[in-house]
Amino acid sequence: MQSPILLSSPLYNGNEALYISKVLTTPYIAAGGDFLSEFEYALDGHVQPMKAVGLNSGTSAIHLGLMLLGVEAGDYVICQSFTFCASANPIVYLGAIPVFVDSEPTTWNMCPEALEEALSELDKKGKLPKAIVVVDLFGMPAMYDEILALGTKYQVPILEDAAESMGSSYKNRPCGTLGKVGVFSFNGNKIITTGGGGALIADDSNLLERARKLASQARENVHYFEHLEIGYNFRLGNVQAAVGLAQLEDISGKIAGRRKVYESYKTILGEFPGVTFLEEPDDVFANRWLTTIRIDAHKSGFDKEMLRLSLNDNNIESRFVWKPLHLQKSFSGCMYFGGEVAEIIFEQGLCLPSSPQLKMEDQQRVVSVILEQGINKKKYV
Ligand SMILES: *Cc1c(COP(=O)(O)O)cnc(C)c1O
């Protein structure tokens, strides 16, 4: 059996071990150590003019972000349907009601027309949503000019789920800073990792202060434990922050690696009948977290499941793109606006191995399996 090729492995090529060992010379292993403040300070540099609060996951960052936007039980919150469940689960944690919206085919993210339809329907009911969760999937920013204009028109704030898009930008504005609040994830396979972790991004100093307090059990600033409200245990630990700081020092190298992987796939497979890539629109820089292709089974002669199985036979990990949330049992009964764009992308989409350290010969192994599928296409037709 050939050596395994994973979908997305972390890359520790810097000061990770050094910084962890430094933490272990101090008693400050939990939240509240120097590395947490240094990591936050370093993150601030990537989200100017906004600032970052280090948290224990991207999911908690979304949860906290929705609370800061005033989401309460019984409120509606609009969310992109084509995304990972963690974009919408926190809506339900808060007792609020998700309303799902379709994607558009250019960026695969929230469709502005479907969003407008949802907003105007909810407006007619006299129940505008409290927030809109927009996601930049696979590192590709959504269509923010149109989406932000709708947020302004209906006076509904936007939470940007930039869990997958740290380091990407839209018209020179970094992802994470495009809404009223933004979210990063530092889970194991994201652009940078802390093992587990996330960050909340905002520019309003009251919001930032409130985020830090709610994430630390809503403890009042006195020497004993005084609590005026219910809080959460959401802060990032110092060991994780130490890893994050080291990871962040080389974020541009990691993005360059992933972009190179994307370019090589595109060069080799770009002309392949029925295979299409997620292209970067003008004025957009994508971190290319995962290279994703769409396979039109009738033009290519094979479908994503056949390809996934062949890759798997060759010890290569690939994965379907996110199954739209309005089709998940966990969200059955939720309102949905739009057509079948997200559903069709799900039917066709496959994520290819995209680690920044992927070697050319390994990428060639992936590509040769895809080309072979093309040659054996009679299996499908
Ligand atoms: C990874 C991810 C999250 C959740 O982040 P965690 O750190 O794993 O909690 C949320 N949204 C999207 C789109 C993600 O890819």
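Author: The model is a predicted one. Its chain is divided into domain 1, covering 16–248, and domain 2, covering 251–372. In the contact, 47 residues come from domain 1 and 37 residues from domain 2. The C-alpha centres of domain 1 and domain 2 are 25 Å apart.

Between them, domain 1 and domain 2 bury about 3,700 Å², and 69% of this lies on carbon and sulfur atoms. On the side of domain 1, Phe-100, Trp-108 and Phe-138 stand out: they supply 22% of the area that this domain buries against domain 2, more than any other three residues.

As to polar interactions, 20 residue pairs are in polar contact across the interface of domain 1 and domain 2, counting pairs with both residues at pLDDT 80 or more. The count of salt bridges between domain 1 and domain 2, by contrast, is zero.

Several elements give two or more residues to the side of domain 1 that touches domain 2. The strands are strand 2 (76–80), strand 3 (97–101) and strand 6 (169–170), while the helices are helix 4 (89–93), helix 5 (112–124) and helix 8 (238–249). Helix 5 gives the most to this side of domain 1, with five residues. Sorted by class, the side of domain 1 that touches domain 2 holds 24 nonpolar, 15 polar and eight charged residues.

Conventions: Residues are numbered from 1 along each chain as its sequence is written. This is a predicted model: local features need pLDDT of at least 70, side-chain atom pairs count only at pLDDT 80 or more; totals for chains, interfaces and linings use all residues. Side-chain values use heavy atoms; hydrogens and water are left out. Domain bounds come from an automatic or database domain assignment. Contact means heavy atoms within 4.5 Å. Buried area is the accessible area (1.4 Å probe) that two parts lose on being put together, summed over both. A salt bridge is a side-chain nitrogen of Lys or Arg within 4 Å of a carboxyl oxygen of Asp or Glu. A polar contact is a pair of N or O atoms within 3.5 Å; within protein, one must be able to donate a hydrogen and the other to accept it, and residues adjacent in sequence count only if both atoms are side-chain atoms. Helices (H or I, at least four residues) and strands (E, at least two) are DSSP runs, numbered from the N terminus. Ala, Val, Leu, Ile, Met, Phe, Trp, Tyr, Cys and Pro count as nonpolar, Asp, Glu, Lys and Arg as charged, and the others, Gly among them, as polar.
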